[in-house]
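Here are some short notes for your review. Please read them with the model open.

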Amino acid sequence: MSDTKFTRRTFLKVSAGTTAAAAAAPRLLQAMENELGGKDVNPVTLAERKAIPINCHVCNIQDGAIAFVENGRVVKLEGNPEHVSTRGRLCAKGNSGMWYSYDPDRILYPLKRVGARGEGKWKRITWDEALAEVAKKLDAALKEDPNTIMMKYGRNRTGGTLDRFMKTLGSATVVNHTSVCESSKKIGMEPTWGPDIETPDFANTKYVLNIGSNILEAAYFHNPLSQRITEGRVDNQMKIVTFDVRLSNTAGFSDEWIPVFPGTDGAVALALGHVILREDLQDSEFINTWTNVTVDELKAHYKDFTPEWAAKISGVPAATIERIAREFALAKPATLFTYRGPAKHLYGSYNEKACMMLPIMTGNIETRGGYCLPRGMGWPQPGPTPPGAKHASYLSTPPDYPLAGHKVSHLVPFWIAEGKQKINVYFTYQDNAVYTNPGAQAVWGKLFRDEKLLPYIVSMSSHMGEETALADIILPDCPYLERWEPESMPNSLWPWLGIRQPVHASLGESRENRILLRDLVHKLDPDGKRGMKQYWNFKDAEDYMRQHFDNVPGLKEAGGLDFLKKHGVWPIYGKLDPKTGKVTDKTGREIKAEYGLHKKELGTADMAGAVVDKSGVISKNGKAIGIKRNGRNYAGFPTGNRLINVRVDEWAQYGFNPMPTFKRIPWHETMKEDEMILTTFKLNVHKQSRTAAVKWLAEIAHSNPAWINAQTAKRLGVKTGDLVRVESKVGHLVTKAYVTEGIQPKVIAIATAFGHWEYGRLASLRLKDKPAFGGQEDPDLNNVWWDDKGVHPNAIIPVVADPIGGSQGWMDTVVKVTRAGPNDKYGDIQGNWEKHVEAYKETMRYAYTGDMHRKMHPEMASWAGPASVKPKSGGGGH
Amino acid sequence: MSEELRTSPIETRGLAGKKRYAMVVDTRRCIGCMACQVACKAEYDTPLGVNRTWVPYKVVGTYPNVKKHFLPRLCNHCDDPPCVRACPVEATYKVEDGGFVLQRYERCIGCRSCMAACPYNARFMLPAHRTYTAITSVVDKCTFCFHRVTQGLVPACVQTCIGRSRVFGDINDPTSEVSYLVATNATQVLRPEQGTKPHVFYIAGDRSQMEFGRDAYQRREVMDQERRMFERNFKA
């Protein structure tokens with residue numbers, strides 16, 4: 001590469017004309033391709049920008065990134081070329097992450113509410129005043145019962161800090177957001193093979209069945225997996241088939257888009273399995289060796305799931321199901337991917353399980369080009385660790401949902417309103433349930449305005465989101481570019497550890513979360529007499545990271561935290577080849593992943609003192625560590641019996657079908673001719689609630705007209721841009737129509753991330769106001785040219801809870817769609833609390849304790865009923 | 001390449017000892033993620049309302065046989081650029097070694113002749129407000145990331161391209177990836193009938209987005225609404 005240093009003078013000479021350019025430009029001729037990244041220069045001054053490796057955290061894919069800093073400000077973000085999953089590339093969201101830090105409407109000092117809740121009147125206070133006030137409230141709550149202190153987080157990548165805080169206080173009332181996200185996918189998978197997600201080897205596969213995932217726009221793991229999908233398609237000639245109700249970018253990219261009726265993916269998956277088993281295309285050796293059922297049992301079980309049966313329910317022709325089944329079973333290797341499509345329904349866990357059976361029965365598990373286990377890495381917690389709560393919390397382990405290991409957070413407002421658990425202090429962190437949850441302002445807004453139910457709300461937030469706007473006190477947190485956080489995510493076939501480090505000092509008076517929580521604990525226990533301070537024993541956030549990372553085997557030898565500060569990620573598997581965009585080893589060949597994790601053989605040390613039972617399970621100290629098959633001792637799968645559990649016996653204890661099955665949503669069966677299903681989705685440039693204030697993303701997508709099929713629109717008499725009224729059993733809204741060929745005719749789809757009424761001036765389009773909380777104005781906001789912010793649909797979406805996985809049924813809402821009437825205005829939204837409560841009571845009837853449970857499971861007639869199962873507090877916090 | 005008809009003295013395609021940068025856009029690999037458009041915005045502090053690169057899409061077919069096509073767009077860095085000929089003050093020029101079509105902001109008088117001359121709508125007038133860059137109210141365009149390329153880096157849009165749909169390199173070097181792709185695939189360029197000799201080559205570009213000249217970029221109904229909003233509110 002050329003060593004020529006550019007100065008402004010040489011640059012001007014270069015641009016002074018063609019002849020001059022030829023004379024003064026550095027020698028352009030190089031035998032190699034231009035580098036794919038790792039450095040950046042200012043286009044005007046050519047000054048090199050300072051590169052700081054970080055870990056992206058706009059969404060939760062967790063790409064390795066580099067922040068380029070100029071004049072103390074991050075001006076550019078790129079993927080980290082040393083990161084094995086990210087390979088130097090970021091998505092649109094990742095590229096614009098600096099606008100979390102530089103948003104003029106960011107909150108830069110502590111605020112105390114002075115008007116009524118939600119009135120928008122705030123007083124600037126000092127950190128000392130803020131911490132003293134919160135500590136006083138905590139003191140009082142601790143005297144009554146630590147569980148009256150609640151923490152609800154949305155995206156928690158603190159690496160254990162929030163849990164440490166709650167355990168320090170002795171409260172078990174920790175509630176996440178997973179039930180509105182992906183919980184039933186996780187619960188469909190975990191009891192079956194251990195982990196809560198798969199890693200499809202897209203780059204090396206020949207066939208992809210994509211059931212209800214929009215991986216090329218959102219979903220885990222958008223960027224790294226999208227890279228491998230394009231590689232598979234062009235470099236490996238794979239075929240990709242997408243089942244979806246809507247022509248997402250993924251469906252539009254696929255070789256085939258097969259529209260399905262919402263919630264019936266599971267039936268299609270079962271019918272695909274039926275054809276595979278009927279035509280004897282399964283991998284019998286894999287099934288008999290690695291699962292807890294036999295091929296004969298499976299064939300008998302799948303007998304009734306015929307393509308004709310599924311065709312009637314899903315609208316997918318039987319011949320198509322038969323063809324896809326044969327293609328999938330005969331293509332080797334083949335893989336499968338799912339996301340919200342199957343999972344976000346009343347019986348989402350069953351749907352996910354039915355899908356997962358396809359790679360299992362064809363033996364595409366842990367093979368090159370197949371359906372692989374996730375590869376992750378962990379790190380130790382600094383000692384000592386707090387002991388935790390003495391009593392369980394109803395809200396975090398609801399007794400009616402014992403199998404929902406990722407909680408049922410969207411039912412929490414109803415449980416609080418019913419007095420199931422008293423709350424004195426409510427902490428919110430990177431969450432915005434008032435916007436993101438079913439019911440939104442009609443449910444969570446009502447809860448948050450009720451000072452009897454939630455007497456004191458503390459928001460740890462950098463932005464005035466819909467929820468933070470209803471808080472009593474705001475502790476200004478830092479956006480991700482100003483935080484220290486440990487990171488690891490199984491977003492490719494290579495495990496890694498990464499770090500977020502601050503690119504510059506926290507802006508204004510903001511404090512990163514682990515520091516503000518430490519300060520709060522120190523306020524509560526200034527001299528350590530209460531025994532709390534000992535768990536918050538770190539000098540600063542960097543010291544906390546040192547305690548995480550300096551003793552990880554392998555990383556320790558490489559330099560521990562110092563290595564991560566320099567590279568952002570460990571290990572570094574190779575160099576990014578600018579010619580191919582792939583990671584290569586020392587010999588210049590692409591690095592190879594390790595496959596067949598379940599076939600790893602146990603060594604003599606592992607086997608010392610181990611016992612092997614009749615079925616081959618190898619146990620040591622009461623814990624299954626492997627499985628004996630064909631005379632060999634294998635590690636097997638990370639489940640209780642080291643096998644893939646096609647039959648999940650724990651489900652049967654609660655009266656659920658332990659085998660792959662499908663339950664039609666009862667209220668979909670009785671739909672009237674003029675009724676439709678409302679579904680929601682994410683666009684490629686937004687996440688659920690925290691990107692509306694990012695100007696470059698808002699410019700690309702700022703409103704969310706409702707997708708309606710052209711034939712349906714004709715029947716309704718609406719054109720693109722016309723107003724439509726969408727009415728559900730809990731409320732109605734008025735929005736614009738977008739008429740398209742790319743949607744199932746019985747579906748109306750509305751994107752989330754739009755229609756904010758808070759989240760700053762850009763998201764809510766109140767740009768005539770001035771920045772209110774210490775932020776610096778961005779002159780570019782004068783150029784905002786759009787005046788439509790969209791309409792947020794959640795207030796008209798009732799709660800539905802999967803009785804197994806606890807997931808919200810986002811795609812289960814029956815609506816009536818009509819042309820808007822004379823009194824309907826664009827943006828009208830009305831959700832009714834009483835009707836939402838009725839919906840909550842209705843969905844509880846499907847819990848294993850409810851009266852609908854038995855009706856939905858005639859095949860489980862021999863189940864002895866809920867009283868037969870010992871009450872057990874629900875699963876833990878995965 | 002060298003046997004092509006040379007119509008302009010500033011053409012550098014096939015010129016011995018000279019680089020000729022080109023981009024190949026493999027639409028089979030484009031997932032329409034918009035990362036390129038945003039990376040470009042960040043690289044140049046490009047204001048809202050204008051773009052150096054953009055990604056239009058088109059939904060084609062009738063339910064249930066429907067496809068979605070993306071066609072990433074940018075300046076074609078033509079070998080015979082009409083904008084250069086149209087500029088009355090030589091603010092727009094071509095760099096012989098590399099083939100970049102660039103803009104001298106200090107010479108630009110904002111007459112918009114180049115914008116009218118460009119058959120690809122690749123040029124735009126900068127509005128008066130920007131976040132931190134002082135250059136405003138002159139015509140701007142894609143530079144093929146001249147400042148990065150001359151430092152041995154690929155353009156920002158190529159750098160971040162998730163699907164590796166955009167590939168950049170020297171088409172005068174037969175061993176480069178772009179030469180390989182152009183040699184081994186059927187490629188298309190936009191508006192060849194204009195004789196501009198564009199240097200952005202598309203693999204598997206969809207007819208509904210490429211043919212009929214300017215009409216190819218006709219926008220869908222929602223985009224019409226967007227355009228009306230833009231015309232109502234944007235003050236450049």
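1. Strands E2 (residues 64–70) and E3 (residues 73–79) of chain A pair in the antiparallel sense, over six bridges. Please bear in mind that this is a predicted model. Within the pairing, A:Ala67 stands opposite A:Leu77 in E3(A).

2. The link between these strands deserves a look. E2(A) and E3(A) make a hairpin, with two residues between them. A:Asn71 sits in the turn and has a positive phi of about 50 degrees.

3. How many of the seven residues of E3(A) are buried? Six are, so the strand is largely enclosed by the rest of the structure.

4. Turn next to the helix pair. Helix H14 (residues 307–314) and helix H15 (residues 318–330), both of chain A, have axes that come within 8 Å and cross at roughly 120 degrees. Angles of 65 to 115 degrees would count as roughly perpendicular, and those over 145 as roughly antiparallel. H14(A) and H15(A) are therefore oblique to each other. Their crossing is right-handed.

5. The contact itself can be listed. From H14(A) come A:Pro307, A:Glu308, A:Ala310 and A:Ala311; they meet A:Ala318, A:Ile321 and A:Glu322 in H15(A). By class, this contact has five nonpolar residues, two charged and no polar ones.

6. Last, A:Leu336, in strand E12 (residues 334–338) of chain A. Is A:Leu336 buried or exposed? It has 26 C-beta neighbours inside 10 Å, and 20 or more count as buried, so A:Leu336 is buried. Beyond its neighbours within four places in sequence, its contacts include A:Pro200, A:Leu209, A:Ile211 and A:Tyr371. A:Cys355, A:Leu358 and A:Pro359 are also among them.

Definitions and conventions:
Residues numbered from 1 in each chain as written. Chains lettered and ligands numbered in written order. Predicted model: local features only at pLDDT ≥ 70, side-chain atom pairs only at ≥ 80, totals over all residues. Axes fitted to C-alpha atoms, helices over the stretch in contact; angles between N-to-C directions. Helix = DSSP H or I, 4+ residues; strand = E, 2+ residues; numbered from the N terminus. Parallel < 35°, antiparallel > 145°, perpendicular 65-115°, else oblique. Left-handed = near helix turned anticlockwise from the far one by under 90°. Contact = placed C-beta atoms within 7 Å. Nonpolar A, V, L, I, M, F, W, Y, C, P; charged D, E, K, R; others polar. Buried ≥ 20, exposed ≤ 12 C-beta atoms within 10 Å, placed from the backbone. Pairing = 2+ DSSP bridges.
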